[in-house]
Amino acid sequence: MWPIQTDKCLMPFLGKPLLYHNLKQVKQNVDGEFIIVANPQSKDAVEKVALELELSYTIAIQTEPKGMADAILSAKEHLEGEILVINAEDVLNGEIYGQVAKSTSDVAFAGKKVNKYFPGGYLKVEGERVKGIVEKPGEGNEPSDMVKLVVDYFKDGKKLVEYLENATSDKDDVYEKALDKMISDGMDIKFIEYSGVWIPLKYPWQILDILSYLLSNIEQQISPTANVSEKAIISGPVVIEEGARIFEGAVIKGPCYIGKNAIVGNNSMIRESDLEEGCVTGFNSDITRSYIGANSWFHTNYIGDSVIEGDFGMGSGAVLANLRLDDHTIRVAEVDSGRHKLGLIAGTGSRVGVNASTMPGSRIGSNSLVGPGVVLYGDVKENKKVLVKQELEIAEHTPTLTSYDQFRGKIK
């Protein structure tokens with residue numbers, strides 16, 4: 001996820017953490033108590049979400065990031081009876097949680113057919129029964145086209161704990177090893193095929209996919225405390241939160257989310273984007289299909305298909321390019337994003353100076369500066385400054401000045 005540093009499940013979308021959106025889906029489809037595994041730094045933010053959703057919940061603490069099995073074992077004293085294990089940041093249609101939770105087998109998994117390789121676990125299946133799991137087999141070695149989602153039902157939570165405690169591995173696949181042992185021991189394990197939306201959050205550009213999905217479900221809602229000029233144009237489903245100000249000549253084409261106390265300046269265009277709380281566009285900026293974290297500032301800029309974590313600033317005339325002229329998909333370091341349009345990915349507190357340009361798929365680490373006039377290809381690590389070296393030639397000049405008065409009469 002570099003250079004994004006925020007916990008994935010706590011990334012705000014439409015003014016709420018991703019965890020809020022996902023837990024709301026689960027709550028609407030499954031009855032029961034929620035056990036949420038957090039790290040010490042995220043505990044308070046996670047609890048705030050649970051309280052807002054009025055969940056019956058317990059928070060368990062995983063002190064070190066030692067993988068999924070360790071996360072579940074951090075909560076082992078709470079795991080009794082039927083349990084459903086899910087990923088906090090995977091985006092799914094909520095119905096699948098209810099379907100898997102109603103299983104009558106010992107164990108049940110959700111699986112989804114894919115048409116290209118995904119670096120995750122694959123299911124070996126016969127009919128409705130699961131015969132094996134292969135974790136990250138590598139492209140061309142997949143045992144099937146069925147990827148295992150993390151929507152896992154267990155009739156007996158204590159038995160899952162027992163298998164996890166007995167499983168060992170040198171890799172981060174203890175959970176998968178435990179499931180394999182359940183299969184080899186002949187437990188009744190079935191899978192439920194899922195065909196709905198599935199957006200895993202493994203790479204920062206997938207933030208744009210999640211945003212697009214969440215925006216597709218909004219309806220127009222403008223806070224009575226928002227100040228929207230009569231000369232602004234609001235079209236399509238647009239949410240404008242309290243205290244936001246939309247100036248004369250601004251155009252917002254939905255679906256869009258404009259957060260609390262955000263400002264969309266004169267002649268600015270916002271399309272299919274999320275401007276979180278406190279963002280300011282200033283005059284004449286174009287923000288398109290982008291995720292803009294809180295308290296980011298713009299002025300006469302183009303921002304296309306970009307992921308901005310927050311507290312970001314751009315000088316006048318700076319551009320975040322999002323399209324290769326040869327129309328190839330955009331690579332980020334060694335990874336093909338699969339996207340034909342992808343702009344900048346910027347960590348919190350970064351800055352881009354006047355008339356600078358960043359090329360498609362560039363990344364800037366937290367608190368770094370791309371100076372005026374720079375054309376940036378590739379990455380800038382955290383706490384770095386990139387400046388242009390230039391040589392100036394100063395010579396004598398005897399002016400023969402053009403008189404601009406000759407044009408004055410032609411201006412009508």
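K181 and D185 are joined by a salt bridge, with their closest N and O atoms 2.8 Å apart; a salt bridge here is a side-chain nitrogen of Lys or Arg within 4 Å of a carboxyl oxygen of Asp or Glu. This is a predicted model, in which local features need pLDDT of at least 70 and side-chain atom pairs count only at pLDDT 80 or more, while totals for chains, interfaces and linings use all residues. Residues are numbered from 1 along each chain as its sequence is written, and side-chain values use heavy atoms, with hydrogens and water left out.

**Salt bridges**

- By the rule given above, the count comes to 15 salt bridges.
- K181 counts as partly exposed at 44% relative accessibility, and D185 is likewise partly exposed at 41%, where buried means under 20% relative accessible area, exposed means over 50%, and partly exposed lies in between (1.4 Å probe, protein chains only).
- K148 and D152 form another salt bridge, at 2.8 Å from N to O; K148 counts as buried at 12% relative accessibility, and D152 is buried with a relative accessible area of 0%.
- The side chains of K43 and E47 also meet in a salt bridge, at 3.4 Å from N to O, and K43 is partly exposed at 29% relative accessibility, as is E47 at 24%.

**Helices**

- K43 and E47 both belong to helix α2 (residues 43-52), where they lie 4 residues apart, about one turn of the helix; helices (H or I, at least four residues) and strands (E, at least two) are DSSP runs, numbered from the N terminus.
- An α-helix has 3.6 residues a turn, so residues three or four places apart point the same way.
- Helix α1 (residues 18-29) has 12 residues and reaches 17 Å from its first C-alpha to its last, close to the 16 Å expected at 1.5 Å a residue, the expected span being 1.5 Å times one less than the number of residues.
- The buried residues of α1 are L18, L19, Y20, H21, N22, L23 and V26.

**The sheet**

- An open sheet is formed by 9 strands with parallel pairing, in the order β14-β17-β20-β23-β25-β27-β32-β35-β38, where two strands pair if DSSP finds at least two bridges between them.
- β14 (221-222) and β38 (379-380) stand at the edges, each with a single partner strand, so one side of each is left without a neighbour in the sheet.
- Within this sheet, strand β23 (residues 274-275) runs parallel to strand β25 (residues 291-292) and is joined to β25 by 2 bridges, with D274 standing opposite Y291 in β25.
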